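This report describes selected features of a single protein model. The sequence and the structure come first, followed by the text.

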Amino acid sequence: MNLKVCVSGKKVDMDFARRIALKFQTEVTSEIPDDKYAKYFLIDKSGVSFISGKQELKGDFLKMLPRVTGGHLAHEILFKAAKPLKEKDNLKGVDCTAGLGEDSFLLAAYGYEMELFEHNPITAVLLNDALIRARQDARLKDIAKRMTLTEGDSKELLKKLNYKPDLIYLDPMFPEKKKSAETKKKLQVLHQIEAVCSDEEELLAAAKLANPDKIVIKRPPEGAYLGGLTPSFSVTRKAVRFDCLVL
């Protein structure tokens with residue numbers, strides 16, 4: 001995929017744009033493609049977007065703020081699934097399927113020091129940009145500073161961990177039946193750049209070998225257990241189920 005890096009406006013970090021262009025062995029240009037099927041990065045004063053035709057994908061943690069303030073975090077279903085086996089300080093979690101980092105943001109808000117693994121280079125660029133912006137926002141920085149991104153294959157990165165995680169989180173991409181219009185658009189673009197997970201069982205096996213206290217797996221409500229492995233318990237809502245393996 002030949003992805004140009006397009007810049008718009010004057011308040012753009014050109015060094016940042018050049019680093020993205022170098023990563024994808026492409027060029028930086030101020031010309032926006034007029035091809036309705038074009039795919040490219042757009043960098044402006046608001047950050048980095050991935051454009052695919054008329055659709056746009058962008059990491060944005062600011063929209064997550066209402067979910068982690070005003071007592072709302074305690075009502076998050078992921079909060080219930082990720083609760084540690086015993087209360088302790090310095091909780092450490094690994095998100096093996098980070099995507100745009102929204103679930104990791106919730107876990108970091110809970111108190112986990114989160115390592116985010118993302119294998120797709122396009123998604124990793126968008127997530128990295130979202131983290132940079134979040135660390136510069138007074139409302140988000142305390143959460144974002146607990147999130148560290150590494151690009152690569154989670155199965156290999158898990159082998160290099162030098163600590164025992166309290167939590168490993170797995171969210172193999174699956175087609176959700178009930179979606180908002182915004183979620184539909186986001187998933188359409190994500191599916192163009194990221195395939196539905198095809199190595200689920202290998203990923204689960206690698207997670208188990210990392211010897212965490214708990215593995216939390218996001219699934220559709222009626223979906224089969226990952227790898228056919230019956231969880232210790234599940235937490236279910238109308239649109240999602242979290243299977244929890246206590247190790």
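The side chain of N120 reaches the backbone nitrogen of T123 at 3.0 Å. This counts as a polar contact, defined as a pair of N or O atoms within 3.5 Å, where within protein one must be able to donate a hydrogen and the other to accept it, and residues adjacent in sequence count only if both atoms are side-chain atoms. The model is predicted, so local features need pLDDT of at least 70 and side-chain atom pairs count only at pLDDT 80 or more, while totals for chains, interfaces and linings use all residues. Residues are numbered from 1 along each chain as its sequence is written, and side-chain values use heavy atoms, with hydrogens and water left out.

N120 lies in the loop between β7 and α5. Helices (H or I, at least four residues) and strands (E, at least two) are DSSP runs, numbered from the N terminus. N120 is buried because its relative accessible area is 9%. The classes used here are buried (under 20% relative accessible area), exposed (over 50%) and partly exposed (in between), with a 1.4 Å probe and protein chains only.

Helix α5 has 15 residues, which at 1.5 Å a residue should span 21 Å; its end C-alpha atoms are 21 Å apart, so the two values agree. The expected span is 1.5 Å times one less than the number of residues. The buried residues of α5 are I122, T123, A124, V125, L126, L127, D129, A130, L131 and A134.

## The second largest pocket

A pocket is found on a 1 Å grid over the protein atoms alone, as an open set of points where a 1.4 Å probe fits, with protein on both sides within 12 Å along at least five of seven lines; lining residues have an atom within 4 Å of a point. The space in this second largest pocket is about 220 Å³, where grid points are joined across faces, edges and corners and the volume is that filled by probe spheres set on the points.

There are 15 lining residues, and F16, D44, G47, D129 and R133 lie nearest the centre of the pocket. At least two lining residues come from each of α1 (14-23), β3 (39-44), β4 (47-52) and α5 (121-135). By class, the lining has five nonpolar, three polar and seven charged residues. Ala, Val, Leu, Ile, Met, Phe, Trp, Tyr, Cys and Pro count as nonpolar, Asp, Glu, Lys and Arg as charged, and the others, Gly among them, as polar.

## The largest nonpolar core

A nonpolar core is a set of buried Ala, Val, Leu, Ile, Met, Phe, Trp, Tyr and Cys residues joined through side-chain atoms within 4.5 Å. The largest one has 34 residues, and F61, V68, F105, L107, V216 and F242 have the most contacts inside it. Elements that give two or more residues to this core include α4 (102-110), β7 (113-118), α5 and β12 (241-246). Helix α4 supplies the largest share, five residues.

In α4, eight of nine residues are buried. G111, with a positive phi near 130 degrees, follows this helix. L107 is 34 residues from L73 in sequence, yet their C-alpha atoms are 9.6 Å apart. L73 is found in the loop between α2 and α3.

In strand β12 lies R241, whose side chain is joined to that of D243 by a polar contact of 2.7 Å.

## Accessibility and backbone angles

The table lists relative accessibility for several single residues.

| Residue | Relative accessibility | Class |
|---|---|---|
| L73 | 12% | buried |
| R241 | 6% | buried |
| K155 | 19% | buried |
| Q25 | 75% | exposed |
| N211 | 42% | partly exposed |

K155 belongs to helix α7 (residues 154-159). Its C-alpha atom is 8.2 Å from that of C96, at 59 residues apart in sequence.

Most residues other than glycine have a negative phi. Q25, which is not a glycine, has a positive phi of about 50 degrees and lies in the loop between α1 and β2 (28-29). N211, also a residue other than glycine, has a positive phi near 60 degrees; its place is in the loop between α9 (200-209) and β10 (214-219).
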